[in-house]
Structure formats: C-alpha cells, structure tokens
Amino acid sequence: MLQAQPRRQLPSLWGAALQATLTAVNWPGQRSLSSFEYQAIQALDKVFQALAALDALEKNMSLAEILSRLQELCREQIYQPEAEGRCNCR
C-alpha cells in the first residue's frame, strides 16, 4: 500500500496512507479492546491529526521524513490512561 504512494507528498496524505495500511493489516483487530488499548488508539488518532495539521507548515515530504516526524509526535503525545478495566470500545 505504501509502495503505491508518490515518493513525496503532504503529511496529511501520508497519514491517510499509514492509517489505511493499519486497517489493511486488520490493526488493532476485531476483539474488544481494554480501556487502556482504546485510550492508546485515541491518542494515536490525535497524533495522526497533528500530522495532518503539518500541511500548513511543511511541503511535500518523503516517507522517511514522515516516519521521523511521526515518531517525534508520538514521543510528544501525553498518554495517561484514565481507568483500568475492559470496555467494549468499538
């Protein structure tokens, strides 16, 4: 899926391609998620939103540049699960 992408494109397009790749490999799966897992996925969604917001600041980027930026955004994302237990989130 990523191989079909242009060599350089806007961050939002890379984000969409990466999310489509995760969906194509059935991540995170169909099982019920724990509360922690659900909250982690929500935090990752925020990271993808932040990546898309870079369109206003960045020009077309390579996959390597996007992955580096994605790593930075993940490190900056504050993730503190709220409660323990399981939920039928999804």
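## The chain as a whole

The structure is a predicted model, and its protein chain contains 3 helices and 4 strands. Read along the sequence, these elements follow the pattern β-α-β-α-β-α-β. The C-alpha trace of the chain spans about 40 × 25 × 15 Å along its principal axes. Of the 90 residues in the chain, 27% are buried.

## How the helices pack

Two packed helices are described by the angle between their axes and the distance between the axes.

| Pair of helices | Angle between axes | Distance between axes |
|---|---|---|
| Helix 1 and helix 2 | about 150° | 7 Å |
| Helix 1 and helix 3 | roughly 80° | within 11 Å |
| Helix 2 and helix 3 | about 130° | 10 Å |

Helix 1 and helix 2 pack at an angle of about 150°, and because an angle over 145 degrees counts as roughly antiparallel, helix 1 is described as roughly antiparallel to helix 2. On the side of helix 1, this contact is made by Pro11, Ser12, Gly15, Leu18, Gln19 and Leu22, while helix 2 contributes Leu44, Asp45, Phe48, Leu51 and Ala52. Sorted by class, the residues of the contact of helix 1 with helix 2 are 7 nonpolar, 3 polar and 1 charged.

Helix 1 (residues 11-24) and helix 3 (residues 63-76) have axes that cross at roughly 80°, and these two helices are therefore roughly perpendicular to each other. Their contact involves Pro11, Trp14 and Leu18 from helix 1, together with Leu63, Ile66, Leu67 and Leu70 from helix 3. In the contact of helix 1 with helix 3 there are 7 nonpolar residues, no polar and no charged ones.

What is the relative orientation of helix 2 and helix 3? Helix 2 (residues 35-53) packs against helix 3 at an angle of about 130°, and the two helices are therefore oblique to each other. The crossing of helix 2 and helix 3 is right-handed. Here Leu44, Val47, Phe48, Ala50 and Leu51 in helix 2 meet Ile66, Arg69, Leu70, Leu73 and Cys74 in helix 3. By class, the contact of helix 2 with helix 3 has 9 nonpolar residues, no polar ones and 1 charged.

Gln9 belongs to strand 1 (residues 8-9). Is Gln9 buried or exposed? With a relative accessible area of 7%, Gln9 is buried, because a residue counts as buried when this value is under 20%. The side chains of Gln9 and Gln5 are joined by a polar contact of 2.8 Å. If neighbours within four places in sequence are left aside, Gln9 is in contact with Trp14, Lys59, Asn60 and Met61.

## The loop between helix 1 and strand 2

Most residues other than glycine have a negative phi, and most peptide bonds are trans. Against this background, two details of the loop between helix 1 and strand 2 deserve attention. Asn26 lies in this loop, and the phi of Asn26 is near 60°, a positive value in a residue other than glycine. Asn26 counts as partly exposed, at 43% relative accessibility. Pro28 is found in the loop between helix 1 and strand 2 (33-34) as well, and the peptide bond from Trp27 to Pro28 is cis, with omega near 10°.

Gly29 is also located in the loop between helix 1 and strand 2, where Gly29 is buried, with a relative accessible area of 18%. Gly29 and Leu51, which are 22 residues apart in sequence, are 23 Å apart in space from C-alpha to C-alpha.

## The loop between helix 3 and strand 4

Pro81 lies in the loop between helix 3 and strand 4 (86-89). Its relative accessible area is 35%, and Pro81 is partly exposed. Not counting residues up to four places away in sequence, Pro81 touches Phe36 and Gln39. Pro81 and Gln5 are 76 residues apart along the chain, and their C-alpha atoms are separated by 34 Å.

Definitions and conventions
Residues numbered from 1 in each chain as written. Predicted model: local features only at pLDDT ≥ 70, side-chain atom pairs only at ≥ 80, totals over all residues. Heavy atoms only, no water. Axes fitted to C-alpha atoms, helices over the stretch in contact; angles between N-to-C directions. Parallel < 35°, antiparallel > 145°, perpendicular 65-115°, else oblique. Contact = heavy atoms within 4.5 Å. Nonpolar A, V, L, I, M, F, W, Y, C, P; charged D, E, K, R; others polar. Buried < 20%, exposed > 50% of the residue type's maximum accessible area, 1.4 Å probe, protein only. Polar contact = N/O pair within 3.5 Å; in protein donor to acceptor, adjacent residues only side chain to side chain. Left-handed = near helix turned anticlockwise from the far one by under 90°.
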